[in-house]
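My notes follow in the order I made them.

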Amino acid sequence: MKLSVQVEDKAYNIAIPDDMLTEDGHAFFKKMDQDLDKGWQMSMDYVESPNVMQRCQIVADKLYTAMMSENETLAQLMAGYIVTRMPGVKSIDIDAGGEIQNTEFILNDSGVDAAENSAELVAATLDRPSNKPQEGLSKPEAMQQAGKDVSKVYKTGRNYKFAIYDHDTEAWAESPLFQDEATASEARARAYKEYYEGLLRPN
C-alpha cells in the first residue's frame with residue numbers, strides 16, 4: 001500500500017509493506033497509542049487526551065521527521081499507523097513549519113465507503129458521548145441541536161469539509177478533507193444522523 005505525502009511544493013509516496021498492516025505492526029501501533037494516551041505537546045498547546053485526528057497529526061509530524069532523516073523503516077511505520085487509524089485516507093498535507101494541528105488529511109472519493117469511514121472517524125475524533133451537550137431530547141429538540149452543532153459542508157482550497165461543535169473544548173472540530181462536495185455531503189449526513197440519534201430520549 002502507498003500513502004501520498006505533500007510537504008509544501010514537494011510530493012512523496014510512502015510504500016507501506018503489507019506485513020506492517022497486519023500483526024507485525026499492531027504491537028508497535030498499540031505501544032504508540034499507549035504513549036499518546038499520556039498526552040502530547042502539539043505546537044503551543046498541550047493536549048491531555050489526543051483524539052483520532054490529533055493522534056494522526058502527531059504521527060504525521062513524526063513521519064515528516066523520519067522522512068527528513070531518511071529513516072525509511074520508521075517512515076513506513078508512521079504511515080502504517082495513520083492508514084490503520086484513519087480508514088480511507090488517501091494523502092497527507094504536512095505543515096513543515098512545525099504547526100502540527102495544521103496538518104490535513106484527504107480521504108479517498110470512493111462514495112459510500114469514504115462516507116462511512118469518515119463518519120466513524122468524526123465520532124471517534126469527538127470522543128462522544130462526553131462531547132454531547134445533553135441527552136434525552138425530543139425529536140424536534142434533537143434535530144434543532146444537531147442542526148446547530150453539525151455545520152454544513154464548506155470548501156477549503158480545492159477540497160471540502162464540515163465541522164462539529166465540541167462542547168468539551170468549546171471549539172469546532174473539523175472533518176478530514178474530501179475531494180468532492182458530494183462525498184463530503186454524504187459523510188456529513190451520516191455524522192449528523194449519528195449525532196442526532198445520540199441526543200434522543202430513549203423510547
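Entry on H1 and H2. I looked up the pair H1 (residues 23-36) and H2 in this predicted model. Their axes come within 11 Å and cross at roughly 110°. I therefore file H1 and H2 as roughly perpendicular to each other, since angles of 65 to 115 degrees count as such. On the H1 side I noted Met32, Asp33 and Leu36, which meet Arg55, Ile58 and Val59 in H2.

Entry on Gln57. I stayed in H2 (residues 52-68), where Gln57 is found. Is Gln57 buried or exposed? I read a relative accessible area of 6% for Gln57, which is buried because the cut-off is under 20%. Setting aside residues up to four places away in sequence, I listed what Gln57 touches: Met42, Ile100, Gln101, Asn102, Thr103 and Phe105. For Thr103 I also looked up a polar pair: its backbone oxygen lies 3.0 Å from a polar atom of the Gln57 side chain.

Entry on Met44. I found Met44 in the loop between strand E3 (40-42) and strand E4 (45-47). Its relative accessibility is 75%, so I put Met44 down as exposed, the cut-off being over 50%. The C-alpha atoms of Met44 and Gln101 are separated by 9.8 Å, and the two residues are 57 apart along the chain. Gln101 was already in my notes as one of the residues that Gln57 touches.

Entry on H3. I took the span of H3 (residues 72-85) next. The helix has 14 residues and reaches 20 Å from first C-alpha to last, close to the 20 Å expected at 1.5 Å a residue. I wrote down its buried residues: Ala75, Gln76, Leu77, Met78, Ala79, Gly80, Tyr81, Ile82 and Val83. What do the buried residues of H3 pack against? I found two helices in the list, H1 and H2. The strands there are E1 (2-7), E2 (10-15), E5 (89-94) and E6 (104-107).

Entry on H5 and H6. I looked up how H5 (residues 139-149) packs on H6 and got an angle of about 135°, with the axes 9 Å apart. H5 and H6 are therefore oblique to each other. I recorded the crossing of H5 past H6 as right-handed. In H5, Lys139, Ala142, Met143, Gln145, Ala146, Gly147 and Asp149 meet Tyr192, Tyr195, Tyr196 and Leu199 in H6.

Entry on Ser151. I located Ser151 in the loop between H5 and strand E7 (154-156). Ser151 has a relative accessible area of 16%, so I list it as buried. Beyond its neighbours within four places in sequence, I found Ser151 in contact with Phe162, Ala163, Trp172 and Arg188.

Entry on totals. I counted 6 helices and 10 strands in the protein. Of its 203 residues, 43% count as buried.

Technical notes
Residues are numbered from 1 along each chain as its sequence is written. This is a predicted model: local features need pLDDT of at least 70, side-chain atom pairs count only at pLDDT 80 or more; totals for chains, interfaces and linings use all residues. Side-chain values use heavy atoms; hydrogens and water are left out. Helices (H or I, at least four residues) and strands (E, at least two) are DSSP runs, numbered from the N terminus. Buried means under 20% relative accessible area, exposed over 50%, partly exposed in between (1.4 Å probe, protein chains only). Contact means heavy atoms within 4.5 Å. A polar contact is a pair of N or O atoms within 3.5 Å; within protein, one must be able to donate a hydrogen and the other to accept it, and residues adjacent in sequence count only if both atoms are side-chain atoms. Axes are lines fitted to C-alpha atoms, for helices over the stretch in contact, and angles run from 0 to 180 degrees between N-to-C directions. Angles under 35 degrees count as roughly parallel, over 145 as roughly antiparallel, 65 to 115 as roughly perpendicular and the rest as oblique. A crossing is left-handed if the near helix is turned anticlockwise from the far one by less than a right angle, and right-handed if clockwise. The expected span of a helix is 1.5 Å times one less than its number of residues.
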